[in-house]
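Welcome, and thanks for taking a look at this model with me. Please open the sequence and the structure side by side before reading on.

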Amino acid sequence: MKTIITNDYEDMSEKAAQIIIETVKEKPNAVLGLATGATPMGLYRRLVADHKEMGTSYKYVRTINLDEYVGLTKVNPQSYAYFMYENLFCHIDIALKNTYIENGTALDSMIECKRYDKMLNKLPRDIQLLGLGSNGHIAFNEPYTSFSSTTHIVNLAENTIKDNAIYFDNIEQVPRQAYTMGIKSIMKAKQIIILASGFKKAEIVSKLVQGNVDSALPASILHNHCNCILILDKEAASKL
Ligand code: F6R
């Protein structure tokens, strides 16, 4: 895993945006695995600005998201489908039919997981973008998730519920379950970019960089990927 330390959140976002923009320019029908949350917002702002100013086109790009809350429809403002639409898709020329995310209100969760896995196999990702949970999760693969997991429903960890409560009126509203892409599927992407920003990620980043691969820290599996870049800002790197 290659580690890049940038000055601040804006630099981290810029660095990641450049990698994605270059990929889309070289391969106009690239498949991008995308993440939600606070970390990639600056990166998405840059993709939007670049699309508007430089004309990078997403007309043939396909996107696959990591996760979605169980029970939320795509028109619910707290859903990840809505997040993606608001922060990226509605500002660029991507065809919405080419954007994929788990259906949080699917009637049969087993069928939904199988459907998603089939799609992941059909659309190998050129890049997978990841944020880092403060407990070391990637997507919603919480500590001790099997490294061979595929799409599944997860009971969110207490600290994940607390971390995500800032996006809801109160902690009670945070869904307790989510669909998540599994770790095995994440690892199949050709390239992985994992971002971490701010002091609150410094502790987990220092554990991750130590290099032991352990399911107690799901992100540590990324050490086994042959093309993975960890991009940090100075605050997240402050305990290295
Ligand atoms: C989001 C996701 C999560 C977040 C992680 C960090 O789709 O899969 O793993 O990337 O929880 O969240 P933020 O960026 O809000 O700190």
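**The ligand and its surroundings**

A friendly reminder before we start: this is a predicted model. The ligand is surrounded by 14 residues. The closest include Asp 67 and Ala 139, and Thr 39, His 137 and Lys 201 also belong to this closest group.

| Residue (side-chain N or O atom) | Ligand atom | Distance |
|---|---|---|
| Thr 39 | oxygen | 2.4 Å |
| His 137 | oxygen | 2.6 Å |
| Lys 201 | oxygen | 2.7 Å |

**Helix H1 against helix H2**

Let us move on to the helices. H1 spans residues 9-26 and H2 spans residues 41-54. Their axes are 8 Å apart, and the two helices pack at an angle of about 55°. Because of that angle, H1 counts as oblique to H2. The crossing of H1 past H2 is right-handed.

Which residues in H1 and H2 meet? From H1 come Tyr 9, Glu 10, Ser 13, Glu 14, Ala 16, Ala 17, Ile 20 and Ile 21. On the H2 side they meet Met 41, Gly 42, Leu 43, Arg 45, Arg 46, Leu 47 and Asp 50.

**Helix H2 against helix H3**

H2 also packs with H3, which covers residues 80-87. The axes of H2 and H3 cross at roughly 40° and come within 10 Å. H2 is therefore oblique to H3.

In this contact, Met 41, Tyr 44 and Val 48 of H2 meet Phe 83, Met 84 and Asn 87 of H3. How do the residues of the contact of H2 with H3 divide, and how many are charged? Five are nonpolar, one is polar and none is charged.

Met 41 is worth a look on screen: this H2 residue meets H1 and also takes part in the contact with H3.

Conventions
Residues numbered from 1 in each chain as written. Predicted model: local features only at pLDDT ≥ 70, side-chain atom pairs only at ≥ 80, totals over all residues. Heavy atoms only, no water. Axes fitted to C-alpha atoms, helices over the stretch in contact; angles between N-to-C directions. Helix = DSSP H or I, 4+ residues; strand = E, 2+ residues; numbered from the N terminus. Parallel < 35°, antiparallel > 145°, perpendicular 65-115°, else oblique. Left-handed = near helix turned anticlockwise from the far one by under 90°. Contact = heavy atoms within 4.5 Å. Near = heavy atom within 4 Å. Polar contact = N/O pair within 3.5 Å; in protein donor to acceptor, adjacent residues only side chain to side chain. Nonpolar A, V, L, I, M, F, W, Y, C, P; charged D, E, K, R; others polar.
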